Amino acid sequence: MNYFDINDIDNLSTWINEAIELKKDPLVYKSSGANKTICLLFFNNSLRTRLSTQKAALNLGMNVMVMNFGAEGWQLEYGDGEIMDQGKSEHVIEAAQVVSQYCDIVAIRAFAKFENKEDDYQEQVLSAFMKYATVPVLNMESAIGHPLQALTDMITIAEHSTKARPKVVLSWAPHPKALPQAVANSFAQYANASDFDFVITHPKGYELDPQFVGKAMVTINQEEAFKDADFIYVKNWSPFADENYGKVINTDSNWKITAKKMEATNNGKFMHCLPVRRNVIVDDEVIDSKNSLVIKQANNRTFAAQIAIKKILESINK
Ligand code: CP
């Protein structure tokens, strides 16, 4: 099996509960990855994903290889039948098969490039690796999804929820650079698969792809959205709509998360996947407050990765 997105999870609640159990004894499955190797390929920067995925694999007894592919690998061609007489030195057809000979799982981070929306939304890089690799593929954030982060976020909400059906709000906040929709897309997808009163709030022009919005209530009134919320999950993303795809069209600081806005919540917890720009996305007094879960979220990245890798190992060993 691959862990590409939520469709690779047979039962989300079971995965969440297993991850919470794993935290009590992270080395309990230390023998399951013995003599197996995971290769982590990074086309983009990372702190949490890089270290937590390595940690997860080490907890499972695996060998780990890491390559900063974007900076150090050959530039890859993805097109079928291309005459490769320009800058790209290697085709993904060979690269994916070659990497597969060195490891038992290949994990890949490859963000949206914002050059061509169709390429991004068809997951050009991850799709090609899943097509040509001969070992399972783990998604460490692709063009349109971040399933390890979303699984982490569901684990964190499960640990901190005091209600059977919490109100969970995904709020846009301003950022000076154009960021992918991946984290917001996956958060929305996993939240829709959970028993939440789920609300998305963003300015006009920042509508997400409807396939991820699903049954969520969507509003451009952030103040209204925050009322009685149990969890405020904050993230910037750039527009999905064709006319402004991958551009910055709004930097309105009125969307920043402040202590005043958090007062309207039900003693709501503050969440963000990190990295975060302090006092642009969120005020210091909110992220530094006792209701901020950001450090605990980052810790849960290890256990989300560990569950995903463990499931892949089980599928290999079947
Ligand atoms: N949240 C997250 O994926 O962090 P990194 O980009 O640092 O890996």
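Student: V106 stands opposite which residue in β6?
Tutor: Quick background: this is a predicted model, where local features need pLDDT of at least 70, side-chain atom pairs count only at pLDDT 80 or more, and totals for chains, interfaces and linings use all residues. Residues are numbered from 1 along each chain as its sequence is written, and side-chain values use heavy atoms, leaving out hydrogens and water. Strands are DSSP runs of E, at least two residues, and helices are runs of H or I, at least four, numbered from the N terminus. Strand β6 (residues 137-139) runs parallel to β5, joined by three bridges, and there V106 faces V137.

Student: Which residue of β5 is the bridge partner of F42?
Tutor: Two strands pair if DSSP finds at least two bridges between them. Strand β1 (residues 37-42) pairs with β5 in the parallel sense over five bridges. F42's partner there is R109.

Student: Why is strand β5 largely enclosed by the rest of the structure?
Tutor: Buried means under 20% relative accessible area, exposed over 50%, partly exposed in between (1.4 Å probe, protein chains only). I105, A107 and R109 cover one side, V106 and I108 the other, every one buried. So β5 (residues 105-109) is largely enclosed because its buried residues number five of the five.

Student: In the open sheet of five strands, what is the order?
Tutor: Pairing here is parallel. The edge strands, each pairing on one side only, are β9 (217-219) and β11 (269-271). The order is β9-β8-β7-β10-β11.
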